[in-house]
Amino acid sequence: MAQYLMSVLDDRTNSGTDEEMVAIRAFNKQMQADGHWVFAGGLAAPGTATVVDGRGSEPVFTDGPYLESKEYIAGFWVVEADDLDVALRLAAGGSKACNRRVELRPFLEG
């Protein structure tokens, strides 16, 4: 089975509503029961980020997000799916549950 990253795209500064959180928990339980669940998590607001650049002789730490954008990744799922069609179906379910757009990307195999 291939693994996919489903990133939740958000343009709001608030967390999910109570209704959305109920739907997300139900979606998560269904993915676990169906054997697609690997890992998931919500992320703190972009303003809490720190960019770390360790390419030089000393690491450089910069407060704030890597990119300034209207949208940001608010959370994610890592799922396993037999093929892209199954992964797309899971992403559609995740989008519906969290009431946000979801970007689907496969992990590189290797």
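**A walk through a predicted chain, from core to charges**

Hi everyone, let's start with how this chain holds together along its length: residues 24 or more positions apart account for 76% of the contacts in the protein chain with a separation of 6 or more. Contact here means heavy atoms within 4.5 Å.

A quick word on the source. This is a predicted model, where local features need pLDDT of at least 70 and side-chain atom pairs count only at pLDDT 80 or more, while totals for chains, interfaces and linings use all residues. Residues are numbered from 1 along each chain as its sequence is written, and side-chain values use heavy atoms, with hydrogens and water left out.

Now the overall layout. The protein chain has 2 helices and 6 strands, and read along the sequence they follow the pattern β-α-β-β-β-β-α-β. These elements are DSSP runs numbered from the N terminus, with helices being H or I of at least four residues and strands being E of at least two. The C-alpha atoms fill a box of roughly 45 × 40 × 20 Å, taken along the principal axes. Of the 110 residues, 27% count as buried. Buried means under 20% relative accessible area, exposed means over 50%, and partly exposed is in between, using a 1.4 Å probe and protein chains only. The chain exposes about 7,700 Å², and carbon and sulfur atoms supply 54% of that. Those areas come from the Shrake-Rupley method with a 1.4 Å probe, and for residues only the protein chains shown count as cover.

Let's go inside. Which residues touch the most other members of the largest nonpolar core? They are Met-6, Trp-77, Val-79, Leu-90 and Val-102, out of 19 residues in that core. Strand 1, helix 1, strand 5 (72-81), helix 2 and strand 6 are the elements that give two or more residues to this core. Helix 2 provides the largest share, 6 residues. By nonpolar core I mean a set of buried Ala, Val, Leu, Ile, Met, Phe, Trp, Tyr and Cys residues joined through side-chain atoms within 4.5 Å.

Take Met-6 as an example. Leaving aside neighbours within four places in sequence, Met-6 is in contact with a list of residues including Phe-27, Trp-77, Val-79, Leu-90 and Val-102. Ser-7 is buried, with a relative accessible area of 3%. Not counting residues up to four places away, Ser-7 touches Ile-73, Gly-75, Phe-76, Arg-101, Val-102 and Glu-103.

On to the charges. Side chains of opposite charge can pair when their charged atoms come close. How many salt bridges are there in this model? The count comes to 4, where a salt bridge is a side-chain nitrogen of Lys or Arg within 4 Å of a carboxyl oxygen of Asp or Glu.

Please find Arg-100 on the structure. Asp-10 forms a salt bridge with Arg-100, with the closest N and O atoms 3.1 Å apart. That pair links distant parts of the chain: Asp-10 sits in strand 1 (residues 2-10) and Arg-100 in the loop between helix 2 (84-98) and strand 6 (101-106), 90 residues apart. Glu-20 also forms a salt bridge with Arg-100, again with the closest N and O atoms 3.1 Å apart. Here the partners are 80 residues apart, with Glu-20 in helix 1 (residues 18-34). Together, Asp-10, Glu-20 and Arg-100 are linked in a network of salt bridges.

Are these residues buried or exposed? Asp-10 counts as buried because its relative accessibility is 3%, and Arg-100 counts as buried at 9%. Glu-20 is buried too.

Another pair has a different setting. The side chains of Asp-53 and Arg-55 meet in a salt bridge at 2.7 Å, N to O. Asp-53 is partly exposed, with a relative accessible area of 27%, whereas Arg-55 is exposed at 74%.

Gly-16 is in the loop between strand 1 and helix 1, and apart from neighbours within four places in sequence, it is in contact with Met-21 and Arg-100. Leu-43 lies in the loop between strand 2 (37-42) and strand 3 (50-53). Leu-43 is partly exposed, with a relative accessible area of 44%, and its contacts beyond four places in sequence are Ile-73, Ala-74, Gly-75 and Phe-76.
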